[in-house]
Amino acid sequence: NREQFVHSERLNVVSELSASVSHEIRNPLTVTSGFLQLLKQSTTITNEEKRYIELSLQELHRAEKIVSDYLSFAKPQSENMVYSNLFTETEYTKDLIIPFATMHQVEVQFHFTNTLFTRYDRNQIQQCLINLYKNGIEAMKETGGGTLTIDISEKKQKILIKIQDTGIGMTRDQISHLGQPYYSTKEKGTGLGMLMVYSTINKLKGSIDIESRKGKGTTFLITIPVLEA
Ligand code: ADP
Ligand code: MG
């Protein structure tokens, strides 16, 4: 059906575009922030002007965060689908998050079994894992630290990714809002991280189960069916 074909072509173009847009947007954000920082140090500007600069810097920082939650790993390539070991992605992203964890007195424990082959989009799964790890660490930042446990295994043709934190936890009502665009309880949250997580796991026909207790911590259990090469 020609109409369907045209439509799916268009979707491909959209995802390629969003990937290059993120690259194109990062540079001007960095450059503009840099110049504003310089301006702020000027001795000839008024306090009011200084306040405008500060507000502009805050807004730029917010835009940067939105790009981070959505497009950190996006690459301007049309095809990121791979048949690979999910262990590679969980381990790589765990290594990336370690400095952020250390900064907030969070210890990261990582357990895995080595037979986790399936078909997935490398960049999307990396972004999804980073968003989950980051939320876990941010939930413990307020309680002065804790442990982030990442557990990956395979059972009956399904890959299980368990991400557990000992942070502030969520109420039932909070859990029901997860994945809703712009839902955030953080002062400077984007509310886009979990939206990205849900859309990635949905595409893999997987599921997300959440167990959480206020003041105790949260466990995300992600189940992804194993697909053949
Ligand atoms: P953001 O992190 O920018 O707030 P997210 O979409 O990543 O946006 O998360 C949305 C909200 O879900 C968070 O503001 C927080 O209230 C809640 N949340 C997500 N993960 C956790 C977690 N591990 N522990 C406690 N709350 C969480
Ligand atoms: Mg987040």
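Author: Let us begin with a definition: helices (H or I, at least four residues) and strands (E, at least two) are DSSP runs, numbered from the N terminus. By that count the protein has six helices and seven strands, and from the N terminus on they follow the order α-α-β-α-β-β-α-β-β-α-α-β-β. This is a predicted model, in which local features need pLDDT of at least 70 and side-chain atom pairs count only at pLDDT 80 or more, while totals for chains, interfaces and linings use all residues. Residues are numbered from 1 along each chain as its sequence is written, and chains are lettered from A and ligands numbered from 1 in the order in which they are written.

Reader: Which helices each supply at least two residues of the shell around ligand 1?

Author: They are helix H4 (122–141) and helix H6 (193–203), and H4 gives the largest share, four residues. A residue is near a molecule if its C-beta atom, placed from the backbone, lies within 6 Å of it. There are 22 residues around ligand 1, of which Asn135, Ala139, Ser184, Gly189 and Gly193 come nearest.

Reader: Why is Leu86 called buried?

Author: A residue is buried if 20 or more other C-beta atoms lie within 10 Å of its own, exposed if 12 or fewer, and partly exposed in between, with C-beta atoms placed from the backbone. Leu86 has 22 C-beta neighbours inside 10 Å, and therefore it counts as buried.

Reader: And why is Phe87 called partly exposed?

Author: Phe87 is also placed in helix H3, but it has 17 other C-beta atoms within 10 Å, and so it is partly exposed.

Reader: What does Phe87 touch, leaving out residues up to four places away in sequence?

Author: Two residues are in contact if their C-beta atoms, placed from the backbone, lie within 7 Å. On that rule Phe87 touches Phe112, Asn114, Leu116 and Ile152, while Leu86, with its neighbours within four places set aside, is in contact with Leu116, Thr118, Tyr120, Ile152 and Ile159.

Reader: How do you know that the span of helix H3 agrees with what it should be?

Author: The expected span of a helix is 1.5 Å times one less than its number of residues. For the 18 residues of H3 (residues 86–103) this should come to 26 Å, and the end C-alpha atoms are 27 Å apart, so the two agree. H4, with 20 residues, reaches 28 Å from its first C-alpha to its last, close to the 28 Å expected.

Reader: What makes Ile97 in H3 the place of a kink?

Author: The bend at a residue is the angle between axes fitted to the seven residues ending there and the seven starting there. At Ile97 there is a kink of about 40 degrees, shortly before the proline Pro99.

Reader: What makes a set of residues a nonpolar core?

Author: Such a core is a set of buried Ala, Val, Leu, Ile, Met, Phe, Trp, Tyr and Cys residues joined through C-beta atoms within 7 Å. The largest one here has 31 residues, and Cys128, Leu132, Tyr133 and Ile137 have the most contacts inside it. H4 gives the most to this core, with nine residues. H4 is also mostly covered, since 15 of its 20 residues are buried.
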